[in-house]
Amino acid sequence: MTFAELHELHSLPFFELLKRAHAVHEKFWPDGKIQLCTLLSIKTGGCSEDCAYCAQSARYKTELENHVLLEREEVMEHARAAKESGSTRFCMGAAWKGVRGGTEKFNQVLDIVRDVAALNMEVCVTLGELGPAEAEQLRDAGVTAYNHNLDTSPEHYPNIVTTHTYEDRLRTIRNVQDAGISVCCGGILGLSETIADRLRLLEVISNFNPQPESVPINSLMPMPGTPLAENPQVDPFDLVRMIACARIAVPGAKVRLSAGRTRLSDEIQALCFYAGANSIFYGEKLLTTENPEAEKDRALLAKLGLQTMEPNVSLVAPEIDPLSPAYPTQDGHHHHPHKEASSCTSAGCC
Ligand code: SAM
Ligand code: DTB
Ligand code: SF4
């Protein structure tokens, strides 16, 4: 979409914008289900970058305790627990500027990814800058999505980060796309940006080719010790507007109502779902800060009559060899490994 189109949308009366966004949502996501994703910080703090919002930057004196890369088994415990609680996507974040192939650390990450992928969950990682070879290795290990946010407009970005550029971020996204991994790319509200900055971000993201598979919309969690620690909370109605514009600009993407839900009322979250948000981070912790209790979220979804999504089986590693023939079950029916796959294209299948 163009900036002018986005600006026109954003300037509509609130309910008119909501009505349009909801119509797009119904058309592209007719079952209205919500995706549940669980986050885990696999390497915490001590990052070389200076992102002004981030508690994990080594440049600021924050209250965070650093942690080296977690062991495989510890990650697996979290992943299994996430799956048991109903999450279908496991997202692992590392406080790195980027990763380099051939290093021990990267090989460790590949091992972790292989283990989590075997759980038949969607596997997302966010490790910073990535080259083409690393992207391919992650894909081969079973990564289904790579999160790399642009955070804000290209114009405002240098006010927030100086240790890498917007172009660096775009290059990584291109490498991820070229490797055939789904892109998860969004931003943060509350970085002292203007409405125009928010719309520029959506303009850039909506012009990706292909459009991202998911768009996380974070609200700043002000972290003590960071330059943005005292930033005020974004007007929740502005968050709803941003979600609505994202839904219209990137209609086929999951729009994730991401960081900041602990400061939102149930009513505002309900408006966000109506405006087109169809994914949340689920579980008590984001990377380093709090998220609503899982039970509270279950209660909210139940109150709204919202169902949750199955994992996207076209993305996850198949449990059964997809080339193996369908086999009969004891009751004589044919069990087919593609049964749940909406994307199955095999002739005569499903
Ligand atoms: N280091 C990698 C990177 O920057 O891409 C991955 C981890 S980084 C913590 C992932 C994303 O979390 C950031 O791009 C940012 O959008 C979001 N984030 C970090 N701190 C945040 C905060 N205090 N409030 C809201 N979102 C935040
Ligand atoms: C995204 O857009 N938000 C998540 C995930 N991608 C990696 C991270 C939110 C971090 C919030 C602050 C924290 O927990 O440190
Ligand atoms: Fe490092 Fe990522 Fe935090 Fe920036 S957002 S300081 S790159 S962990």
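**Ligands and cavities**

Reply: Start with ligand 1: a backbone N or O atom of Ala94 lies 3.3 Å from one of its nitrogen atoms. Keep in mind that this is a predicted model.

Me: What does Met221 do at a nitrogen atom of ligand 1?
Reply: A backbone N or O atom of Met221 is 2.9 Å from a nitrogen atom of ligand 1.

Me: And which side chain has a polar atom by an oxygen atom of ligand 1?
Reply: Asp151. One of its polar side-chain atoms is 2.7 Å from an oxygen atom of ligand 1.

Me: How much of ligand 1 does the protein cover?
Reply: It covers 89% of the 560 Å² of accessible area that ligand 1 has on its own.

Me: How many residues surround ligand 1, and which are the closest?
Reply: There are 18. The closest are Thr126, Asn149, Asp151, Arg169 and Met221.

Me: How does the shell around ligand 1 divide by class?
Reply: Nine nonpolar, seven polar and two charged residues.

Me: OK, ligand 2. Which residues are around it?
Reply: Leu39, Thr126, Asn147, Asn149, Pro216, Asn218, Ala259, Phe281, Leu286, Leu287, Thr288 and Thr289.

Me: What about the asparagines, starting with Asn149?
Reply: A polar side-chain atom of Asn149 lies 2.8 Å from an oxygen atom of ligand 2. For Asn218, a polar side-chain atom is likewise 2.8 Å from an oxygen atom of ligand 2. Asn147 has a polar side-chain atom 3.4 Å from a nitrogen atom of the ligand. The protein covers 86% of the 400 Å² of accessible area that ligand 2 has on its own.

Me: Now ligand 3. What's around it?
Reply: Cys47, Glu49, Cys51, Tyr53, Cys54, Ser57 and Ala95. By class, that shell has five nonpolar residues, one polar and one charged.

Me: Where does each ligand sit?
Reply: Ligand 1 sits in the largest cavity. The space taken by ligand 2 is the largest cavity. For ligand 3, too, the space taken is the largest cavity.

Me: How much space lies in the largest cavity?
Reply: About 910 Å³. It is lined by 43 residues, and the closest to its centre are Tyr53, Cys54, Gln56, Asn149 and Leu287.

Me: Which strand gives the most to that lining?
Reply: β2, with five residues. β2 (89–94), β3 (122–126) and β7 (214–219) each supply at least two.

Me: And the classes in the lining of the largest cavity?
Reply: 24 nonpolar, 13 polar and six charged residues.

Me: Switching to pockets. What volume does the second largest pocket have?
Reply: About 490 Å³. It is lined by 24 residues, with Leu39, Leu40, Ser41, His78 and Lys285 nearest its centre. β1 (35–43) and α3 (72–84) are the elements that give two or more residues to this lining.

Me: How does that pocket's lining divide by class?
Reply: Eleven nonpolar, nine polar and four charged residues.

Terms used: Residues numbered from 1 in each chain as written. Chains lettered and ligands numbered in written order. Predicted model: local features only at pLDDT ≥ 70, side-chain atom pairs only at ≥ 80, totals over all residues. Heavy atoms only, no water. Near = heavy atom within 4 Å. Polar contact = N/O pair within 3.5 Å; in protein donor to acceptor, adjacent residues only side chain to side chain. Areas by Shrake-Rupley, 256 points an atom, 1.4 Å probe, with all protein chains shown as cover. 1 Å grid on protein atoms, 1.4 Å probe; cavity = no way out; pocket = protein on both sides within 12 Å on 5 of 7 lines; lining within 4 Å. Sits in = over half its atoms within 2 Å of the grid points. Nonpolar A, V, L, I, M, F, W, Y, C, P; charged D, E, K, R; others polar. Points joined across faces, edges and corners; volume = space filled by probe spheres on them. Helix = DSSP H or I, 4+ residues; strand = E, 2+ residues; numbered from the N terminus.
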